[in-house]
Amino acid sequence: MTTSSSDRGVGLGMPELPAPAYPDDVRARLEADAREVVARYPDSRSALLPLLHLVQSEEGHVTRTGMQFCADVLGLTTAEVTAVATFYTMYRRRPSGDYQVGVCTNTLCAVMGGDAIFESLQEHLGVGNGGTTDDGKVTLEHIECNAACDFAPVVMVNWEFFDNQTPESARGLVDDLRAGRPVTPTRGAPLCTFKETARILAGFPDERDGAVAAGGSAGPASLAGLKLAKGEASAARVVHPRDGGPHDAPQDRAVHDPSPTQHLSSHDAPQETSASDPSHPAGPTAEEGE
């Protein structure tokens with residue numbers, strides 16, 4: 001006795017139709033940009049990553065049309081392009097918001113409150129991980145380490161830093177984004193939309209006034225080791241005492257305490273909110289070696 005494919009639970013289905021082409025004017029514009037990108041590399045295949053950013057800047061995510069365009073330009077198969085586009089999380093595979101709000105939930109940020117921030121924003125926005133608000137403004141996601149552990153917990157919007165966050169400050173941040181109110185990152189260039197960010201990541205200059213000059217920098221704790229190596233500062237405590245006590249030496253404050261000008265975002269929580277709670281049942285952690 002034989003069984004049909006439907007009896008075996010196998011769906012044959014129809015082959016997927018080819019991706020629709022870009023309109024002629026859009027394709028001509030993208031081809032001009034693509035030629036500029038490809039010319040930077042001795043091997044055209046190396047231009048795939050920036051080209052994926054380029055097509056993402058057109059539609060806000062990497063579509064089948066965008067991947068077909070990249071394949072045509074570089075002489076690759078769509079399978080080769082798809083393999084790259086699906087590997088890197090920076091490439092969106094479905095429509096998303098104007099602002100990608102990423103909450104770091106890696107170890108340090110999570111311990112310092114990142115998990116609580118992420119849960120609070122999910123409830124506040126009414127979306128899950130990777131979800132987009134109904135107005136198309138905000139896509140929420142949890143992200144891995146963004147190398148800003150000295151300002152944990154960190155939230156990023158279109159890859160710009162918002163440091164020392166709390167659930168309250170993060171909710172205020174997304175509310176301002178949705179309302180169209182001005183939002184200033186803690187460090188780095190002024191905020192722009194996700195499509196604009198994707199074009200910059202494709203390698204095209206940020207032509208906004210003052211954007212390049214406003215480039216970000218590492219925080220004071222991140223730079224402590226570099227300063228020690230250069231002989232610019234004496235050995236000092238890298239973290240603040242959990243009990244809020246005095247520093248080991250007066251110079252510690254100059255090296256490790258950010259000044260108000262280093263925290264320009266109105267959405268940054270007060271610095272002390274990122275410290276561990278001395279009243280927690282686990283108690284303060286002893287100094288290393290004690």
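In which hand does α2 pass α3, right or left? The crossing is right-handed; that label applies when the near helix is turned clockwise from the far one by less than a right angle, and anticlockwise is left-handed.

A word on the model. It is predicted, so local features need pLDDT of at least 70 and side-chain atom pairs count only at pLDDT 80 or more, while totals for chains, interfaces and linings use all residues. Residues are numbered from 1 along each chain as its sequence is written, and side-chain values use heavy atoms, with hydrogens and water left out.

Back to the pair. Helix α2 covers residues 48–59, and helix α3 covers 64–74. Their axes lie 9 Å apart, at an angle of about 140°. α2 and α3 are therefore oblique: not under 35 degrees (roughly parallel), not over 145 (roughly antiparallel), not 65 to 115 (roughly perpendicular).

Who makes the contact, meaning heavy atoms within 4.5 Å? From α2, we have L48, L51, L52 and V55. From α3, G66, M67, F69, C70, V73 and L74. By class, that is nine nonpolar residues, one polar and no charged.

Next, two single residues. S120 sits in helix α5, residues 107–125. Is S120 buried or exposed? Buried, at 12% relative accessible area; the cut-off is under 20%, with exposed over 50% and partly exposed in between, using a 1.4 Å probe and protein chains only. Beyond neighbours within four places in sequence, S120 contacts P167 and R171.

A213 is in the loop between α7 (194–201) and α8 (220–229). At 76% relative accessibility, A213 is exposed. A189 is 24 residues away in sequence, yet the C-alpha atoms of A213 and A189 are 7.8 Å apart.

Conventions:
Helices (H or I, at least four residues) and strands (E, at least two) are DSSP runs, numbered from the N terminus. Contact means heavy atoms within 4.5 Å. Axes are lines fitted to C-alpha atoms, for helices over the stretch in contact, and angles run from 0 to 180 degrees between N-to-C directions. Ala, Val, Leu, Ile, Met, Phe, Trp, Tyr, Cys and Pro count as nonpolar, Asp, Glu, Lys and Arg as charged, and the others, Gly among them, as polar.
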